Amino acid sequence: QQVAVLLYSFAENYLGKQTDQRADLSGFVDAGTISTYAQEALSWANAQGLVLGFEDDSLRPQGTATRAQIAAVLMRFCETVAE
């Protein structure tokens with residue numbers, strides 16, 4: 001969730017991108033564990049296809065991301081948002 005907040009803020013404040021697109025996160029089994037401060041950003045990141053979730057239908061917002069996972073999110077960000 002922290003990566004989503006960082007990218008959301010960067011896209012909106014530094015790149016001047018529209019960040020009003022949202023996804024419904026209620027289908028993820030752990031949607032209730034998303035911190036209040038990160039809900040909007042994570043919803044945006046999912047709508048943009050940056051954060052896709054895991055095979056068990058979870059987002060793991062409180063989890064630790066691997067270097068490979070962060071690289072994939074950053075690559076998607078560069079290809080879709082920061083183009």
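Helix 1 (2-14) and helix 3 (67-80) each contribute at least two residues to the lining of the largest pocket. Helices here are DSSP runs (H or I, at least four residues), numbered from the N terminus. This is a predicted model: local features need pLDDT of at least 70, side-chain atom pairs count only at pLDDT 80 or more, and totals for chains, interfaces and linings use all residues. Residues are numbered from 1 along each chain as its sequence is written, and side-chain values use heavy atoms, with hydrogens and water left out.

**Largest pocket**

- The largest pocket holds about 530 Å³ of space.
- Its lining has 23 residues, and Val 51, Phe 54, Leu 59, Ala 65 and Gln 69 are the closest to its centre.
- A pocket is an open set of points on a 1 Å grid over the protein atoms alone, where a 1.4 Å probe fits, with protein on both sides within 12 Å along at least five of seven lines; lining residues have an atom within 4 Å of a point.
- Grid points are joined across faces, edges and corners, and a volume is the space filled by probe spheres set on the points.
- Helix 3 gives the largest share of the lining, five residues.
- By type, the lining residues are 14 nonpolar, seven polar and two charged.
- Ala, Val, Leu, Ile, Met, Phe, Trp, Tyr, Cys and Pro count as nonpolar, Asp, Glu, Lys and Arg as charged, and the others, Gly among them, as polar.

- Buried means under 20% relative accessible area, exposed over 50%, and partly exposed in between (1.4 Å probe, protein chains only).
- Gly 49 follows helix 2 and has a positive phi, near 80°.

**Helix 1 against helix 2**

- The two helices pack at an angle of about 80°, with their axes 8 Å apart.
- Helix 1 and helix 2 are therefore roughly perpendicular to each other.
- On the helix 1 side, the contact is made by Ala 4, Val 5, Leu 7, Tyr 8 and Ala 11.
- On the helix 2 side, Glu 40, Ala 41, Leu 42, Trp 44 and Ala 45 take part.
- These contact residues divide into nine nonpolar, no polar and one charged.
- Axes are lines fitted to C-alpha atoms, for helices over the stretch in contact, and angles run from 0 to 180 degrees between N-to-C directions.
- Angles of 65 to 115 degrees count as roughly perpendicular, under 35 as roughly parallel, over 145 as roughly antiparallel, and the rest as oblique.

**Ala 4**

- Ala 4 lies in helix 1 and is buried, with a relative accessible area of 3%.
- Leaving aside neighbours within four places in sequence, Ala 4 is in contact (heavy atoms within 4.5 Å) with Ala 41, Leu 42 and Ala 45.
- Ala 4 and Ser 35 are 31 residues apart in sequence and 12 Å apart in space, C-alpha to C-alpha.

**Loop between helix 2 and helix 3**

- Asp 57 sits in this loop, with a positive phi of about 60° although it is not a glycine.
- Asp 57 is partly exposed, at a relative accessible area of 46%.
- Arg 60 is also placed in the loop between helix 2 and helix 3; its phi is positive, about 55°, although it is not a glycine.
- Arg 60 is partly exposed, at 43% relative accessible area.
- Thr 66 is found in the loop between helix 2 and helix 3 and counts as partly exposed, at 42% relative accessibility.
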